[in-house]
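Biologist: Could you walk me through this model before I start setting anything up? I would like the helices and their packing, and then a few residues.

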Amino acid sequence: MAEHLENGLCLTETECLLIDPSSDPETLYDSAEQRLDAVKDLMFTLSSLDGRHGALEVTDIANLAGVSRILLADASDLLVAARRQAMKKSPRRAGGGHV
């Protein structure tokens with residue numbers, strides 16, 4: 001297990017969930033999707049609050065923003081790692097440009 005920690009990946013944040021860049025692309029994409037879904041659900045809940053019942057405090061909003069930032073950064077890191085793994089496993093296409 002220790003060798004996996006040495007290869008851990010954290011690109012965009014100082015606080016992140018540990019990403020094993022040697023995981024297969026499908027696992028990395030699935031993990032990114034889970035984080036994006038969690039942020040989407042969190043934002044839905046926040047947008048559904050009407051402010052009259054159980055108003056949020058400023059610290060609550062700051063905490064929600066912090067959690068969202070970390071989840072989005074992890075999703076981004078996972079997508080980068082998945083793309084790198086996918087490129088290693090498949091030959092590069094001619095032209096190599098983005099579509």
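This is a predicted model: local features need pLDDT of at least 70, side-chain atom pairs count only at pLDDT 80 or more; totals for chains, interfaces and linings use all residues.

Biologist: How many helices and strands does the protein chain have?

Modeller: The protein chain has 3 helices and 0 strands, where helices (H or I, at least four residues) and strands (E, at least two) are DSSP runs numbered from the N terminus. Read from the N terminus, the order of elements is α-α-α.

Biologist: And what share of the residues counts as buried?

Modeller: Of the 99 residues, 19% count as buried, with buried meaning under 20% relative accessible area, exposed over 50%, and partly exposed in between, for a 1.4 Å probe and protein chains only.

Biologist: OK, on to packing. At what angle do α2 and α3 pack?

Modeller: Helix α2 (residues 25-48) and helix α3 (residues 58-89) pack at an angle of about 160°, and their axes are 8 Å apart. Axes here are lines fitted to C-alpha atoms, for helices over the stretch in contact, and angles run from 0 to 180 degrees between N-to-C directions. That makes α2 roughly antiparallel to α3, given that angles under 35 degrees count as roughly parallel, over 145 as roughly antiparallel, 65 to 115 as roughly perpendicular and the rest as oblique.

Biologist: Which classes of residue make up that contact?

Modeller: The contact of α2 with α3 has 20 nonpolar, 3 polar and 4 charged residues. In this scheme Ala, Val, Leu, Ile, Met, Phe, Trp, Tyr, Cys and Pro count as nonpolar, Asp, Glu, Lys and Arg as charged, and the others, Gly among them, as polar.

Biologist: Which residues of α2 are buried, and what do they pack against?

Modeller: The buried residues of α2 are Pro25, Leu28, Ser31, Ala32, Arg35 and Val39, and they pack against α3, contact being heavy atoms within 4.5 Å. On the other helix, the buried residues of α3 include Ser68, Leu71, Asp74, Asp77 and Gln85, and what covers the buried residues of α3 includes α2.

Biologist: What span should α3 have, and what is it in the model?

Modeller: At 1.5 Å a residue, the 32 residues of α3 should span 46 Å, and its end C-alpha atoms are 47 Å apart, which agrees; the expected span is 1.5 Å times one less than the number of residues.

Biologist: Switching to Gln85: is glutamine 85 buried or exposed, and what is it in contact with?

Modeller: Glutamine 85 is buried, with a relative accessible area of 8%. Leaving aside neighbours within four places in sequence, glutamine 85 is in contact with Pro21, Ser22, Ser23, Pro25 and Leu28.

Biologist: Where does serine 23 lie?

Modeller: Serine 23 lies in the loop between α1 (2-6) and α2, and not counting residues up to four places away in sequence, serine 23 touches Leu28 and Gln85. Serine 23 and alanine 82 are 59 residues apart in sequence, and their C-alpha atoms are 8.1 Å apart in space.

Biologist: Last one: is valine 80 buried or partly exposed?

Modeller: Valine 80, which is found in helix α3, is partly exposed, with a relative accessible area of 25%. The C-alpha atoms of valine 80 and tyrosine 29 are separated by 9.5 Å, and the two residues are 51 residues apart along the chain.

Definitions and conventions:
Residues are numbered from 1 along each chain as its sequence is written. Side-chain values use heavy atoms; hydrogens and water are left out.
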